[in-house]
Amino acid sequence: MAPLHPAPELRRKHRRARLRTLAFLSPWLVGFSVFFAYPLLATVYFSFMHYNQIQDPTFVGLRNWKYVLGQMPLFGPALWNTLWLVVVMVALRVVFGLGIGLLVTRIKSGVGFFRTAFYLPYLAPPVAATVAFVFLLNPGTGPVNEILSTIGISAPNWFNDPAWAKPSLVLLSLWGIGDLMVIFMAALLDVPKEQYEAAELDGAGAWSKFRYVTWPSITPIVMFAVVTGVVQTMQYYTQALVAGKLASGVSVGPGSVIQPGYPDHSTLTVPQLVYSLGFQNFNTGAACVLSLVLFAIAMAVTSLLMRKSAGLQTAED
């Protein structure tokens, strides 16, 4: 019979195992603490404070929350624009990305050219891509409106029209669909060919093969694209701000303040409002409240999508 280890030796062994585990986890723990936990706690703290980034913060209770949720005139339009972009932009990006992925995987010749052509716009920096897109859709001098006019179509004012500003941003996002195209191409090429062959033997057509073979195989990838798209669109800032600034024609110099949302607050998003409050108006408390509201909405939507994804996978299994 083997001798039992004494209790002190077992404790030392367990302590070494815990320290070794902590050593492996330390990069993640440091990153989580510095870049997530501390900023989140600081945001909660400053949401109850009056703080202008110069003087010491003073406690004001729920005053910032009452101001943002009940008195701020731009909170409603910014929240509506953000949610509109989340629903429309994410849905269309997923549909178009999947469609282009299906198209490219079915092409027999010139596949390298089409992959490059669809992926190249995604590599353009956001500011440069937005500048080019606003130039293309310029109502007066843009080539898109000139082409539409030559064929007898009344072209809209795009970024200068409140009704067309958000759809124009959606078109800009669809122009850079290359990231989702690559993700869906990888998922589509990973579907076993034996399943397609078996479906053909059963007399399945193109739609039946997509519904019963392709879709169940790529559902996790689709949910990944939706969840990441929601998170990214909740933080939508650069393209809307640059497009509104360029379309307004306002020249911006050193020290000037850009009022986001042109035209008529139709492109104003919650991240833009956070930046305007916190770094232009120095109302850090209200900016922190907006950040927490945006964080709560993003977490709620993401949790709902993850639960739906788990339910779909369980039903398929």
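Student: What should I know about the model before reading it?
Tutor: It is predicted, so local features need pLDDT of at least 70 and side-chain atom pairs count only at pLDDT 80 or more, while totals for chains, interfaces and linings use all residues. Residues are numbered from 1 along each chain as its sequence is written, and side-chain values use heavy atoms, without hydrogens and water.

Student: How many salt bridges does the structure hold?
Tutor: A salt bridge is a side-chain nitrogen of Lys or Arg within 4 Å of a carboxyl oxygen of Asp or Glu. The structure holds two. Asp179 and Arg93 pair at 3.0 Å, N to O. That pair links distant parts of the chain, with Asp179 in helix H8 (residues 178-189) and Arg93 in helix H3, 86 residues apart. Glu200 and Lys209 pair at 3.2 Å, N to O.

Student: Are Asp179 and Arg93 buried or exposed?
Tutor: Buried means under 20% relative accessible area, exposed over 50%, and partly exposed in between (1.4 Å probe, protein chains only). Both Asp179 and Arg93 are buried. Leu19, in helix H1, is exposed at 52%.

Student: At what angle do H3 and H10 cross?
Tutor: Axes are lines fitted to C-alpha atoms, for helices over the stretch in contact, and angles run from 0 to 180 degrees between N-to-C directions. The axes of H3 (residues 75-106) and H10 (residues 206-234) come within 10 Å and cross at roughly 140 degrees. That makes H3 oblique to H10; angles under 35 degrees count as roughly parallel, over 145 as roughly antiparallel, 65 to 115 as roughly perpendicular and the rest as oblique.

Note on methods:
Helix = DSSP H or I, 4+ residues; strand = E, 2+ residues; numbered from the N terminus.
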